[in-house]
Amino acid sequence: MKKHWTSIVWLSLMLPFLSVKGQVSDSMIHNPSFEIHTYCPQKVDALGVMNEVEGWWQPSRGSSDYFHACGTRECQTPRNKMGVQRAHSGEGYCGIYCSQENYREYLQTELREPLSAGKRYRVSFWTSLADKSPHAIATLSALLTRERIGDTTWEVLMQRELLQRNTTITESVRTYYRPQVSNPADKVLDNTTEWVEISGEFTAEGGEKFLTIGNFNSFNRSNVVATGKDYSVLPGAYYYIDDVSLICLDSLPPKQQPTTEEPREGDLVSIDGIYFATGQSELLQQSFRELSRLKELLEVHPNMRIELRGHTDDRGTVDFNQRLSEARAKAVADYLVSHGIQASRIEWNGYGKSQPVDSNDTEEGRQRNRRVEYRVLKK
């Protein structure tokens, strides 16, 4: 199974950021983790219509699927008709079929607001190949368009353009879409145990309002490979999709570049911008930017060794807070190691509620006490 990444700053109460348990609130994407649904999923059906998930739909006749812990046996998480996988966050995710030329599935949503011309954006989503897929592909993509895509095809989604051949003849031509972000064609997405992030940056033309996820390439250009599984359930590549994000990079504060002057050996540093669901060690999606900064800091200083130190406020029992602080600190270490930092450079410890930095009598004070720090053991 996948690892559940955890992180650095302790914000156990996330009402401004959560609408339901595990649900990430993203400035550009509504229901990015597929947690909000009108009813629990009942069936995986190639002829059906996905209408359980708030804010998401299928833009073609290919029937996208919804999986949630509350669903029927074939639609549950973590175990379902297509395999076994825990959600990247929360309890739900979607699934799409992506390989065959004559049948494709896609996911589509409307952004909270149109993109601004000339601004830089970063789009990302997490994916995992279903266990029972006999094939895997490389070219999963994210496409931003001004208009909502709606097509009756079962096949690859393509643009339809009217070309005026002369004053009396107009011809309808289909051309392939060019997604703004796509997984590299030489990197096959064959991981069935862990979630893999697909992400990239682009400059908006302006007015893009709809995001569509899927494979927009032909079969021959999708780098299809066999996985060795049989065809008993499905004849191609099927992918789970979770935690979709779209942020405007021009609206973020300037990135702090690590320098040799900070931090110094012995410094104790608390990092802001990492969030958790209430009472859990589950890293929320908006935390990835800060985790990347910590990773980059360690890369810039290859001899640096740190101790990750987890803390909570005083609500909850001593034992619960101790275990929670340890779990979050350990998961931060796991994240860094999984992204190339040597395990020997990282220590982790949980301190529960024993070391507050502010009063626990106010929400502001408790928020400050819910944190992860790191101490520089060696520079």
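Reader: Which residues have the most contacts inside the largest nonpolar core?
Author: Leu140, Tyr239, Ile241 and Leu246 have the most contacts inside the largest nonpolar core, which has 35 residues. A nonpolar core here is a set of buried Ala, Val, Leu, Ile, Met, Phe, Trp, Tyr and Cys residues joined through side-chain atoms within 4.5 Å. Buried means under 20% relative accessible area, exposed over 50%, and partly exposed in between, with a 1.4 Å probe and protein chains only.

Reader: Before going on, what kind of model is this?
Author: This is a predicted model, in which local features need pLDDT of at least 70, side-chain atom pairs count only at pLDDT 80 or more, and totals for chains, interfaces and linings use all residues. Residues are numbered from 1 along each chain as its sequence is written, and side-chain values use heavy atoms, with hydrogens and water left out.

Reader: Which element gives the most to this core?
Author: Strand E16 (238-248) is among the elements that give two or more residues, and E16 gives the most, with 5 residues. Strands (E, at least two residues) and helices (H or I, at least four) are DSSP runs numbered from the N terminus.

Reader: What does isoleucine 241 touch?
Author: Leaving out residues up to four places away in sequence, isoleucine 241 touches several residues, including Phe34, Tyr93, Phe125, Trp126, Leu140 and Ile213. Contact means heavy atoms within 4.5 Å.

Reader: Which residues does the second core include?
Author: The second, separate core has 16 residues and includes Leu297, Leu298, Tyr335 and Val376.

Reader: Changing topic, how many residues of strand E18 are buried?
Author: In E18 (residues 305-311), 6 of the 7 residues are buried. E18 runs antiparallel to strand E20 (residues 371-378), joined by 7 bridges, and parallel to strand E19 (residues 346-350), joined by 5 bridges. Two strands pair if DSSP finds at least two bridges between them.

Reader: Which residues stand opposite each other there?
Author: Arginine 305 has lysine 378 in E20 as its bridge partner, and glycine 310 stands opposite glycine 350 in E19. From E18 the chain crosses through helix H2 (residues 318-338) to E19 in a right-handed β-α-β crossover. Right-handed means that, with the strands pointing away from the viewer, the path from the first strand over the helix to the second runs clockwise.

Reader: And histidine 68, buried or exposed?
Author: Histidine 68 is buried, with a relative accessible area of 6%. This residue lies in strand E2 (residues 65-68). Its contacts beyond four places in sequence include Glu35, His37, Cys75 and Glu91.
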